[in-house]
Structure formats: C-alpha cells, structure tokens
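Open the model in your viewer and keep the selection tool ready. This tour goes stop by stop.

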Amino acid sequence: MPRSAMLPESTAQQILNMIETKHRFTVGDKLPNENDLAAELGVSRSTLREAIRILTTSGVLEIRRGKGTFVAEELPAAGMDLSSLTGLR
C-alpha cells in the first residue's frame, strides 16, 4: 500500500495517542488550529483533515461548527483499531 494512503491513518493514530497515552488532550479539550497541529505532526493540512475525519467517524473527536474540533465527551474503548475504519489492513 502506498505510503500516502497510510499517512492519514498514522496521523489519526498519533492524535489518538496524544489523547489516550500522553494525556495531552482530555475529554472536552479543543485541539489546536489546523496550521499549528499539522506543523507539529509534520503533515499537510489535507492529511490532518482526513485524520480528523477518521477520528470523528470513530467517535473520538467532534467538530463544532464555528468553534473548532474537540475531544468527544464519551470516548470509545481505549486501544481501538483505526484500520477497520479506514479500510486499511
């Protein structure tokens, strides 16, 4: 599988680790703006947007229009497998 197809999934995993393992973001926290977070993770904004879409679909993040992206109030089970959500294996 091409590296570019796996980049959004690995970026989503990095964000998930920031929430579950590193506790950088907790329930209800707002994520940094796209430019800052993309630069921190070393990815493009479009890759970051796709990673956020993956995490939103899985219930980890929620987007509040006009306010930003937040960690969901109720997180799914820890250690979830994101590959099942993206079709990658």
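Helices and strands here are DSSP runs, numbered from the N terminus. With that naming, Thr 47 has its place in helix α3. We will come back to that residue.

**Stop 1: the whole chain**

Select everything. This is a predicted model. Colour it by pLDDT. The mean for the chain is 87, and 80% of the residues reach 70 or more.

Now switch to a cartoon view. Count four helices and two strands. Trace the chain from the N terminus, and the elements run α-α-α-β-β-α. The chain has 89 residues, and 35% of them are buried. Take the contacts between residues at least 6 apart in sequence: 57% of these join residues at least 24 apart.

**Stop 2**

Select residues 85-89. Here pLDDT stays under 50. The model has eleven contacts beyond four places in sequence for this stretch. Where pLDDT is low, the predicted coordinates should not be read in detail. Look, then move on.

**Stop 3: the nonpolar core**

Which residues touch the most other members of the largest nonpolar core? Select Ile 15, Ile 19, Leu 31, Leu 41, Leu 48, Leu 55 and Leu 61 and show their side chains. The core has 19 residues in total. In soluble globular proteins, nonpolar side chains tend to be buried together.

Leave aside its neighbours within four places in sequence. Its contacts are then Thr 11, Gln 14, Ile 15, Met 18 and Leu 48.

**Stop 4: Ile 19**

Next, centre on Ile 19, in helix α1. Is this residue buried or exposed? Ile 19 counts as buried because its relative accessible area is 5%, and the cut-off for buried is under 20%.

What does Ile 19 contact beyond four places in sequence? Select Phe 25, Val 60, Leu 61, Val 71 and Leu 75. Draw a distance from Ile 19 to Val 60, C-alpha to C-alpha. The two are 41 residues apart in sequence and 9.0 Å apart in space.

**Stop 5**

Follow the contact from Ile 19 to Leu 75. Leu 75 has its place in the loop between β2 and α4 (83-86). This residue is partly exposed, with a relative accessible area of 36%. Beyond four places in sequence, Leu 75 is in contact with Ile 19, Val 27 and Val 60. Leu 75 and Gly 59 are 16 residues apart in sequence, with 6.6 Å between their C-alpha atoms.

Now pick Ser 58, in the loop between α3 and β1 (61-64). Ser 58 is buried, at a relative accessible area of 12%. Its C-alpha atom is separated by 7.6 Å from that of Pro 76, 18 residues away along the chain.

**Stop 6: Thr 47**

Return to Thr 47 in helix α3. Why does Thr 47 count as buried? Its relative accessible area is 12%, and buried means under 20%. Show Leu 7, Pro 8 and Thr 11: Thr 47 is in contact with these, its neighbours within four places in sequence left aside. Thr 11 is also among the contacts of Leu 41.

**Stop 7: His 23**

Go to the loop between α1 and α2 and select His 23. Check its backbone torsion. Phi is positive, about 55°, although His 23 is not a glycine. Most residues other than glycine have a negative phi. His 23 is exposed, with a relative accessible area of 54%.

**Stop 8: the largest pocket**

Finish with a surface view. Rolling a probe the size of a water molecule over the atoms shows where empty space is left. About 170 Å³ of space lies in the largest pocket. Of its 13 lining residues, select Pro 32, Glu 34, Ile 52, Gly 68 and Thr 69, the closest to its centre.

Which elements supply at least two residues each to the lining? They are α2 (34-41), α3 (45-57) and β2 (68-71). Helix α3 gives the largest share, four residues. Colour the lining by type to see six nonpolar, three polar and four charged residues.

Terms used: Residues are numbered from 1 along each chain as its sequence is written. Side-chain values use heavy atoms; hydrogens and water are left out. On a 1 Å grid over the protein atoms alone, a cavity is a set of points where a 1.4 Å probe fits but cannot get out, and a pocket is an open set with protein on both sides within 12 Å along at least five of seven lines; lining residues have an atom within 4 Å of a point. Grid points are joined across faces, edges and corners, and a volume is the space filled by probe spheres set on the points. Ala, Val, Leu, Ile, Met, Phe, Trp, Tyr, Cys and Pro count as nonpolar, Asp, Glu, Lys and Arg as charged, and the others, Gly among them, as polar. A nonpolar core is a set of buried Ala, Val, Leu, Ile, Met, Phe, Trp, Tyr and Cys residues joined through side-chain atoms within 4.5 Å. Buried means under 20% relative accessible area, exposed over 50%, partly exposed in between (1.4 Å probe, protein chains only). Contact means heavy atoms within 4.5 Å. pLDDT is the predictor's confidence in each residue, from 0 to 100.
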